[in-house]
Structures are given as C-alpha cells and as structure tokens.
Amino acid sequence: MVNARLNKRRLRAVVAFLTLIGLGFGGVVGYEATIAQPNQVVRADTASTTLLQLGIPKAVIQTMLDNSLMSDGRTPTAAGETVNTFTVGDVQKLKTLSLATRTKNTDGTYTSKANSNVAD
C-alpha cells in the first residue's frame with residue numbers, strides 16, 4: 001500500500017514536471033526547456049528592402065550581383081542592378097544565387113572559385 005502511494009506520488013510529480021516543461025515553465029523547478037529562436041526577426045518588404053538595409057556587406061552584395069544569374073541568363077549587374085538597389089525580392093527571383101566567383105566556360109558550364117570578399 002505504501003509503495004502504491006509512493007508510485008502514485010512519483011507519477012504525479014513526473015506528469016507535473018512534463019506539463020511545466022511543455023508549457024515553458026521548466027525554469028520554475030530548476031530545469032530549462034530551450035527552443036531555438038532567432039535573436040531578432042526581420043520582417044522585410046521584399047519589394048523595397050535592400051540587402052544593404054539588412055546589413056549585408058557591400059562587397060558580398062557586389063559578388064552576388066556579378067556572379068548570380070537571372071532567369072534570362074544575365075547577371076543582375078548586367079541588368080542594371082546595383083548594391084544600393086538590389087532587394088530581397090530580386091534575390092527571390094534569381095535562377096542561380098552565387099557567392100563564388102563564376103566563370104563561364106566555352107561549353108556553357110561554369111567554373112566557380114571562392115570569392116575573397118565573401119570569405120573575409
């Protein structure tokens with residue numbers, strides 16, 4: 001009878017603990033449940049928010065402009081995009097996003113090598 005009460009008490013304690021963890025109050029009993037969350041969420045208007053406004057370095061944006069491809073096969077640079085005008089929406093429209101230096105071969109394929117601006 002004593003063991004049955006003890007087991008019932010333990011079961012209640014475990015259920016209470018799991019409930020607290022599930023509700024996010026695990027710290028109350030000395031344990032902490034951590035859910036990965038970004039430190040800051042940036043909600044960007046894709047049509048007007050530029051990569052520069054998001055804090056991406058100019059050299060990295062320029063590498064992207066020079067080496068990525070749009071659906072028509074041109075680079076954003078060739079289409080007139082600049083570091084100051086390239087938006088989140090423009091990135092979403094890219095066929096190929098590249099942070100490497102790409103060179104088009106004679107057979108139509110590309111060779112990529114690490115870009116020092118991005119690496120830095």
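Reader: Why is Arg74 called partly exposed?

Author: Its relative accessible area is 39%, and the label covers what falls between buried (under 20%) and exposed (over 50%), using a 1.4 Å probe and protein chains only. So Arg74 counts as partly exposed. This is a predicted model, where local features need pLDDT of at least 70 and side-chain atom pairs pLDDT 80 or more, while totals for chains, interfaces and linings use all residues. Residues are numbered from 1 along each chain as its sequence is written, and side-chain values use heavy atoms, without hydrogens and water.

Reader: What makes Asp72 and Arg74 a salt bridge?

Author: The rule asks for a side-chain nitrogen of Lys or Arg within 4 Å of a carboxyl oxygen of Asp or Glu. Here the closest N and O atoms are 2.9 Å apart, so the pair meets the rule. The count by this rule is one salt bridge. Asp72, at 46% relative accessibility, is partly exposed.

Reader: How do you know that Gly80 is exposed?

Author: Gly80 has a relative accessible area of 52%, so it passes the cut-off for exposed.

Reader: What makes Leu51, Ile61, Met64, Leu65, Met70, Val83, Phe86, Val88 and Leu94 a nonpolar core?

Author: Such a core is a set of buried Ala, Val, Leu, Ile, Met, Phe, Trp, Tyr and Cys residues joined through side-chain atoms within 4.5 Å. These nine residues make up the largest one. The most come from α2, with three residues. Phe86, beyond its neighbours within four places in sequence, is in contact (heavy atoms within 4.5 Å) with residues including Thr50, Pro76 and Glu81.

Note on methods: Helices (H or I, at least four residues) and strands (E, at least two) are DSSP runs, numbered from the N terminus.
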